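Trainee: Could we go through this model together, one part at a time? I would like to ask questions as we go.
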Amino acid sequence: MIRTAPEETAGLKQGEGFLSLRGLTRRYGDFVAVDDFNLDVPKGELVAFLGPSGCGKTTSLRMIAGLAPSTSGHIVVNGRDITGVPPYQRDMGLVFQSYALFPHMDIAKNVAFGLEMRKVPKAEAAERVREAIAMVRLTGKEHHRPAQLSGGQQQRVALARALVVRPSILLLDEPLSNLDAKLRDEMRNEIRDIQKRLGITAVFVTHDQMEALTICDKVVVMNHGKLEQMGTPHEIYEHPKTAFVAGFVGRINRLAGKASGGVAEVAGLKVAAPGFNGPVEVMVRPHRVSLSTDGVQADGERHALPGTVTRATFAGDILEYEVEAGGTIMKTEAATRGGEAVLAPGTPVTLSWRPQDTYVYAAS
Amino acid sequence: MTAIDLPVAGKRPMSPTAVVMLLLLPIAVINAIGFLWPVVNLLRMSFRDSEASGALLETSGLTTWINVLSDSFTLDLITGSIGVSLFITVLTLVCSYPIALYLHRCSGLWRTVLLVLVIAPLLTSAVVRTYGWIAILSDQGLIANALLALGITPPRLMFNLTGVIIGLTEILMPYMILALLSGFGRLDPRFEEAALTLGATPWKTFWRVVVPLTAPGMALGCLLCFVLAISSFVTPKLLGGGRVFLLATEIYDQAIVTLNWPMAAALSIIILVLFGFALALYTRALRRIA
């Protein structure tokens, strides 16, 4: 494990990242929850920590907030190493999954709490509380108790409470997972709008890949405490570096094959696999696979695989097929245009896709 | 043939209210015989006239009540008992709160073990536990000997108010801890974390978040301990050694030693009234908290 010495971190230049993690590690006995996490988040960017539960994303967020100790490594904000600083001196705004609004205080008092702790003069505090409540469109609810508000409203109060203190970094821990689907889309856009308007650096933890892709500037995909890939939503989706990222972000078809001499043989297809030798996994996303009944032949332009329809699912906006091909079940999906026939199971078809939509990974 | 089942006489189900009434009847009867009737008797007794020898007369009057409410001894007794009980209640709260808070945050086997440790004293009677304190607090007791060995003259810890307060506080602690725990349901560690990230120091977090959220448990525990303290008899009797005058011990003396039953009855009624006040105060406090 490479660890950055403290003196190096102290000399970290601004511009490398407003928020920087250097070799951040958290161990519980033998279990490594977060392993040598390095990250630079430029000022004003929203970065999403994406991964399955237990991947270390929440632990990382809690270490940034100062609520969980780190075993080793450094957290640097705006050039200042805050690794040992207690949470109440870190100047972070944290929005909890459960909102954690104080049940014994009304909305205005909840929002004012952080200002009161920072000893902001009363008149200024009142004005800022009023602004913050207006920003999340809850004017008129100042004297309601949290329990009297809906989940979405509570979420907005939590956001106002975290932002009213003008924190250097906004941390969001699965803030949308307790909301229903429609409200989730609305809140996601609202959080993004507010974050952009304030130009605040933010970290958004989620296990929902759709949420991560749509809300952030950069996605950090994590698995087993390790950073798998970091990049823009486009990079993550179109150029997944690892089989895990390809499988976790978006849907994927997997074909097992064997590579030698830069070419992978999979289900009778020859797929370019530069640098691979031995067993490989070849992947392609369902919506990049076309399905035809005309018996398209493989050529330089497309890979083609014959198969038989086993299941057809008409979902209104899309038509999904499961096709037995290449010794496995391949999925395809296509937007419906209206009028197309739904193929019956048993229909022989040919699947085809472009070589650039094909991902090859060493089989694990 | 008709498709509708007409109600059949004798099979008609009882109305829900009737069922509730029927189910409440046994406990209502027990309460009437075991509580209401004795209280009525006490009330009647407190108005009976008696001779100086203690012999009860057939006539009734306000003599006893006038004595009770005008005699400085009984008035001091009442205010003193309230004061001591309040002090014990606060002391019990202060001693029990950290334990309850720790227990609330424990989980699994460790929590079970600690809970059993908290509840275990309740399995022995207060009499036995009081004798235990005598062994510790007496002039030849554990503390006195330990202090003597260190060359310090030990203070008197028994047969005075100090002993009563030490003993009662320990005896009431399990009740307080259990009451506190039952009222800690709203205390989620996320609230404390939220306060910390908002810039509250642990000290501020405790006073602004933890204490308000645990207030219902504190109110319940205080009510329970106050009521138990002011009506406690064995511990003040044994650890007070007849030198500490509290309502319950005085009632015993009046009833058994002096044989002044009307006086004992009147003082008992006063304790009941104090319970009523405590309960009213508790419900008001609870409404303000919630």
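Mentor: Let us start with A:Thr25, which counts as buried because 20 other C-beta atoms lie within 10 Å. The cut-offs are 20 or more other C-beta atoms within 10 Å of a residue's own for buried, 12 or fewer for exposed, and partly exposed in between, with C-beta atoms placed from the backbone. This is a predicted model, in which local features need pLDDT of at least 70 and side-chain atom pairs count only at pLDDT 80 or more, while totals for chains, interfaces and linings use all residues. Residues are numbered from 1 along each chain as its sequence is written, and chains are lettered from A and ligands numbered from 1 in the order in which they are written.

Trainee: Which strand does A:Thr25 lie in?

Mentor: A:Thr25 belongs to strand E1 of chain A, residues 19–28; helices (H or I, at least four residues) and strands (E, at least two) are DSSP runs, numbered from the N terminus.

Trainee: And what does A:Thr25 touch, leaving out residues up to four places away in sequence?

Mentor: The residues touched are A:Val34, A:Asp35, A:Asp36, A:Ser70, A:Thr71, A:Ser72 and A:Gly73, where a contact puts the C-beta atoms, placed from the backbone, within 7 Å.

Trainee: How many helices and strands does chain A have?

Mentor: Chain A has nine helices and 20 strands, its C-alpha trace spans about 75 × 55 × 35 Å along the principal axes, and 42% of its 364 residues count as buried. If we take contacts between residues at least 6 apart in sequence, 64% of those in chain A join residues at least 24 apart.

Trainee: How is chain A divided into domains?

Mentor: The assignment, whose bounds come from an automatic or database source, gives domain 1 (6–243) and domain 2 (252–362) in chain A, and the C-alpha centres of these two domains of chain A lie 39 Å apart.

Trainee: Switching to the interface, how many residues does each chain bring to the contact?

Mentor: Chain A brings 17 residues and chain B brings 15 residues. On the chain A side, strand E6 (92–95) and helix H3 (107–117) each supply at least two residues, and the largest share, three residues, comes from H3(A). That side of chain A divides into 13 nonpolar, three polar and one charged, with Ala, Val, Leu, Ile, Met, Phe, Trp, Tyr, Cys and Pro counted as nonpolar, Asp, Glu, Lys and Arg as charged, and the others, Gly among them, as polar.

Trainee: Now chain B: where does UniProt put "domain: ABC transmembrane type-1"?

Mentor: The unreviewed UniProt entry lists residues 78–282 of chain B for it; positions follow the numbering used here, feature names are shortened, and annotations may be inferred rather than shown by experiment. In the model, that span of chain B is 80% helix and 0% strand, and its end C-alpha atoms lie 20 Å apart.

Trainee: What does helix H9 of chain B span between its end C-alpha atoms?

Mentor: Helix H9 (residues 202–230) of chain B spans only 36 Å, whereas a straight helix of 29 residues would span 42 Å, the expected span being 1.5 Å times one less than the number of residues. A kink of about 50° lies at B:Ala215 in H9(B), shortly before the proline B:Pro216; the bend is the angle between axes fitted to the seven residues ending at a residue and the seven starting there.

Technical notes:
Two residues are in contact if their C-beta atoms, placed from the backbone, lie within 7 Å.
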